Amino acid sequence: RKNAVTFLNKKISEHLVAAPGSLMVIPSMTNNGKSTLVAHISEALVKEDKRVLVLSNEETEEDVRARVSCLRTGVSFGDYKTNKCSQEQFEKVLLDAEELSKKNSLVVISPKNESDAYKVTTVDGVISTMKKADGNFDAVILDYYTNVNMSEMGAIEPWHVNNRLASELNILKDGVSYPIIAMAQCEGIRTDKKVEDKGALDFDSNHPMYRWKGGKGILIYATDIIELVKDFDNSCSFLFAHKVRFGHGELERLHMLPFDKRMQRFVDWSAEFDAKVTASKVTRETAE
């Protein structure tokens, strides 16, 4: 624990501990905020002068960098992507991304060419890249595990490739000096209720194992399984710890992450934010 790095913020880090030897798996539905969460995890680390390696087989290197730099410069990523921000804001984001790149604070590998695609979509490529990262980075994020589905062994099922990666990561995690954080994909929690509070979803009887996409081997080897669940009505997401490496984390299994839709980022809860969410609900209900 003494060598742990910050996971999102100091408060959450008390319960969800990203330390060497950790294989933290974060499953979520499509469009539920995995890429946003990756940006926040990365931003929290580079803010403390830590070095982060992101293996992205879903987003481009430019988008991963822009998400982090938008958080750092106070620019909405949505506005940045749709060219709605000012030229000054646009340049500020690019300048920050360039600065992080020069300092090697944030290194991103995405499949923009055949060589890099090999590093993020094949088992041998991912493991080789992670081994080389030892001693050079304070955390490695794989976004995401399910997309490592290309085989060097001929035509085999993608889930089989996933499971081979899981066993390799299990061996690797105990020999490197950084935590491994792997994003993954699963179906949403089954419920016939609308989410009104944190108790409305039955997390305990809805383990990701039963909603998993791809090979399930990673669930056996993971030291932490932390599901990201989006709650649109209440403008927030939940982090729910199905499994944690350090037992005292069970004392607080559910963490709320308020989401500012305008700025496309997670924020701290405040009375002002709560008032905005309530006003938005009233507007929607009135329209209905």
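A: Phe7 is in contact (heavy atoms within 4.5 Å) with Ile12, Ser13, Leu16, Ala18, Met24, Ile26, Ile41, Ile181 and Leu239, leaving aside neighbours within four places in sequence. This is a predicted model: local features need pLDDT of at least 70, side-chain atom pairs need 80 or more, and totals for chains, interfaces and linings use all residues. Residues are numbered from 1 along each chain as its sequence is written, and side-chain values use heavy atoms, without hydrogens or water.

Phe7 belongs to the largest nonpolar core, which has 35 residues. A nonpolar core is a set of buried Ala, Val, Leu, Ile, Met, Phe, Trp, Tyr and Cys residues joined through side-chain atoms within 4.5 Å. Buried means under 20% relative accessible area, exposed means over 50%, and partly exposed lies in between (1.4 Å probe, protein chains only). Phe7, Leu16, Ile26, Leu37, Ile41 and Leu239 touch the most other members of the largest core. H2 gives this core its largest share, six residues. Another core lies apart from it, with 33 residues, among them Tyr178, Ile180, Cys186 and Leu219. In soluble globular proteins, nonpolar side chains tend to be buried together.

Now the pockets. A pocket is an open set of points on a 1 Å grid over the protein atoms alone, where a 1.4 Å probe fits and protein lies on both sides within 12 Å along at least five of seven lines. Lining residues have an atom within 4 Å of a point. Points join across faces, edges and corners, and a volume is the space filled by probe spheres set on them.

The largest pocket has a volume of about 810 Å³. Its lining has 30 residues, with Asn9, Ile12, Met256, Leu257 and Asp268 nearest the centre. Helix H1 (10-13), helix H2 (34-46), strand E7 (236-243) and strand E8 (254-260) each give two or more residues to this lining. Helices (H or I, at least four residues) and strands (E, at least two) are DSSP runs, numbered from the N terminus. E8 supplies the largest share, five residues.

The second largest pocket has a volume of about 360 Å³. Asn31, Asn32, Gly33, Lys34 and Thr36 are the closest to its centre among 20 lining residues. H2 returns here with the largest share, three residues.

Last, the salt bridges (a side-chain nitrogen of Lys or Arg within 4 Å of a carboxyl oxygen of Asp or Glu). The structure holds 13 of them. Glu61 and Arg65 form one, at 3.0 Å from N to O. Both residues are buried. They sit four residues apart in helix H3 (residues 61-73), so about one helical turn separates them. Lys112 joins Glu61 and Arg65 in a network of salt bridges.

Lys81 and Asp63 form another, at 3.1 Å from N to O. Lys81 lies in helix H4 (residues 77-81) and Asp63 in helix H3, so this pair ties together parts 18 residues apart in sequence. Lys81 is partly exposed because its relative accessible area is 45%. Asp63 is buried, at 16% relative accessibility.
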